[in-house]
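This report describes a structure for a reader who is new to the subject.

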Amino acid sequence: MKVVLQNLTKTFPSRNKKVKEEVVAVNNFDFEIPDGVLVGLLGPSGCGKSTTLNLLSGLQKPTSGKIFFGENDVTNLEAENRGVGLVFQNYALYPHLTVRQNIMFPLQNLKGTAKLSKEEMNVKVLEAAKLVQIDELMDRKPGELSGGQQQRVAIARALVKMPKILLLDEPLSNLDARLRLQTREEIRRIQKETKITTIFVTHDQEEAMSISDIIVVMKDGVVQQIGKPQEVYDNPVNLFVAKFLGTPPINVFDGKIKSGKLFVGEDAIMDIQADTDKEVYVGIRPEGFVLNENGALRCRLNTVEVMGRDISVVSYNDASATDNQAIRSIISSENTVNLAAEYVRFDVKPNKVFVFDKNTEERIYFEKE
Amino acid sequence: MEREKLKGWLYLLPAILFLGIFMVYPLVDVFIYSFEEGYNSASQTSWGIGTYNYSYVLRDPYFLQALKNTFILVIITVPLSTCLALAIAVGLNSIKKLRDLYQTIYFLPYVTNTLAVGLVFMILFKQTPYSDGLVNVVLGWFGMTPVDFIGGPYWAKMFVLCFYTIWVVLPFKILILTSALASVNQDYYNAAKVDGTSKFRIFRKITLPMISPTVFYLIITGFIGAFKAYSDAVALFGTDLNASEMNTIVGYVYDMLYGNSGGYPSYASAAAIILFTIVLTITCINLLVSKKHVHY
């Protein structure tokens, strides 16, 4: 089922009574989510992603704007009538019920014609449990399960009544690193198998990029960019998105455009087609550096970290706009770096270099040569 | 290793001494008294050892009356007050406006003096030659004949005693239950809401199991407290409880020690040991039952 958000806005009254100003948690969110995709809502904490999820689930009501599930306007529908499945960050499994009873709980709520017989319920519960591979733990209590298993039970409980939409709130944040990798693939697999439109919230860009069909980057309640993960990564619309996506993060420099050349500090790193000269931010992805003895960008060499497949060169440049002025560049391990040298020089890959306006921090586009 | 053990016991010594002298010794002593026949507290002598004290107490009509009163009190007030407190606590938890005000009002009885409130209850319920009392006036509006709740028939007196007891124990229970309800994670309710759970089912399947440890705590302490009731009866019916047929077991023990018929520490001890046995048995049963029903 496709989901349409129309000018969705949610404001909260300010906690501070002296300040009348309202807190805008979600600001004019406009987006159509196609049927059957996995969408990652991504942003730093406090950016309104969880509020958006609550608005979708119906636990909170928008201040203005509309939500459609398919063709139906569900804006004023209570949570129980929306037919969504919601997985909470802390799973919210009922601790006094067994796994089976937990998964069965939503089915037992069904009334009228939707009511199921005991056998039908058991079949559905087992189906859901098999889907998330916990069918051997059915008679345990949540307290006797590991975090990952609890997560699966929570997903099974959300899926058992075949919701129109599945919502996941920070589904992986309570898991350890290894389990997180495993579970995110699991979520992807379950989503592919059920083909339920799934929206999940995360602050971890790697998590969002790795499994989402579409990511939505938010900041301070405002949607920054929507798109396929790779597209957003390759084409950030502003400095925030560029900085937020990618590990290691993008390197940002103070730079300027002067007579058709892009400067980082005093080094002209590439030619660009620009008529006006001005001060800019230059963002270069770590993989955008090419080691070259006569390269355009000169940096003071600090260390080299060997990571097997590639090496990570840490160097300093006075023009760097980050706090410690460190620049991290990732190059293939076939290159060798002379550690004794004081300086290291790079050329840059033009498609990995982004230029941003100094004031608005918006991307400045131009034809690359 | 031995040294370590010695050290451990040394650390425990003050507590053990204190508990031994002020808790274990009196308990054992009472137990011994209860088997010493014809014990005289002045000369500290007795005729001998035996079970006569118990057979006397168990045949004493005053004791049997007290036993009956106590049991009726327990059976009526404990479940009723717990249910009522739960209903009020749930109500309090679901309102937003004036919640603090109501909470304070409901808690007021807890900080007032039992005897003073008992006096007020007595005035409300008592029938005198000059007035029927407020309760009887109200009953009169509904066409009921006035009853003297303080000096009248047994059921009326028992009703007042139960009513009063419930009123006294309610605030504490409400306080404990409201905090238990407030500590249930809101996510459980949100999860249930998204799944379309009815209010009644949420209460029965989520709220109640979640606060079950607290409920059982209240039931167990409620049983113990009600079995040990005494001051409530005194507040309503005065110190001569035997005359008004409203004595309780603790009241009987007190009478045997200091009352008009006082000076019988052996009988008092026997009665006290019987009460102790009853309370212990009921508490054990309670704990066994709660193990089955309390979920974690």
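## A residue in chain B

Tyr164(B) lies in helix H7 (residues 154-182) of chain B. Helices (H or I, at least four residues) and strands (E, at least two) are DSSP runs, numbered from the N terminus. The model is predicted: local features need pLDDT of at least 70, side-chain atom pairs count only at pLDDT 80 or more, and totals for chains, interfaces and linings use all residues. Residues are numbered from 1 along each chain as its sequence is written, while chains are lettered from A and ligands numbered from 1 in the order in which they are written.

Is Tyr164(B) buried or exposed? Tyr164(B) counts as buried because it has 23 C-beta neighbours inside 10 Å. A residue is buried if 20 or more other C-beta atoms lie within 10 Å of its own, exposed if 12 or fewer, and partly exposed in between; C-beta atoms are placed from the backbone. Leaving aside residues up to four places away in sequence, Tyr164(B) touches Gly118(B), Phe121(B), Asp232(B) and Leu236(B). Two residues are in contact if their C-beta atoms, placed from the backbone, lie within 7 Å. Between Tyr164(B) and Ala243(B) there are 79 residues in sequence and 20 Å in space, C-alpha to C-alpha.

## Chain B as a whole

Chain B contains 12 helices and 2 strands. Read from the N terminus, its elements follow the order α-β-β-α-α-α-α-α-α-α-α-α-α-α. The C-alpha trace of chain B spans about 80 × 75 × 30 Å along its principal axes.

Chain B has 296 residues, of which 30% count as buried. Of the contacts in chain B between residues at least 6 apart in sequence, 67% join residues at least 24 apart.

## Where the chains meet

How many residues of chain A are in contact with chain B? The contact involves 16 residues of chain A and 14 residues of chain B. On the side of chain A that touches chain B, strand S6 (84-87) and helix H2 (99-108) of chain A each supply at least two residues. The residues on that side of chain A comprise 10 nonpolar, 5 polar and 1 charged. Here Ala, Val, Leu, Ile, Met, Phe, Trp, Tyr, Cys and Pro count as nonpolar, Asp, Glu, Lys and Arg as charged, and the others, Gly among them, as polar.

## Domains and strands of chain A

Chain A is divided into domain 1 (3-244) and domain 2 (251-357); such bounds come from an automatic or database domain assignment. The C-alpha centres of domain 1 and domain 2 of chain A lie 39 Å apart. Each of these two domains of chain A gives 5 residues to the contact between them.

Strand S16 (residues 297-306) and strand S17 (residues 310-316) of chain A pair in the antiparallel sense over 6 bridges. Two strands pair if DSSP finds at least two bridges between them. Val304(A) has Val313(A) in S17(A) as its bridge partner. S16(A) and S17(A) form a hairpin with 3 residues between them, and Gly308(A) in the turn has a positive phi of about 90°. S17(A) also runs antiparallel to strand S18 (residues 326-332) of chain A, with 7 bridges joining them. In S18(A), Ala326(A) stands opposite Tyr316(A).

## Confidence in chain A

The average pLDDT of chain A is 87, and 99% of the residues score at least 70. This score is the predictor's confidence in each residue, from 0 to 100.
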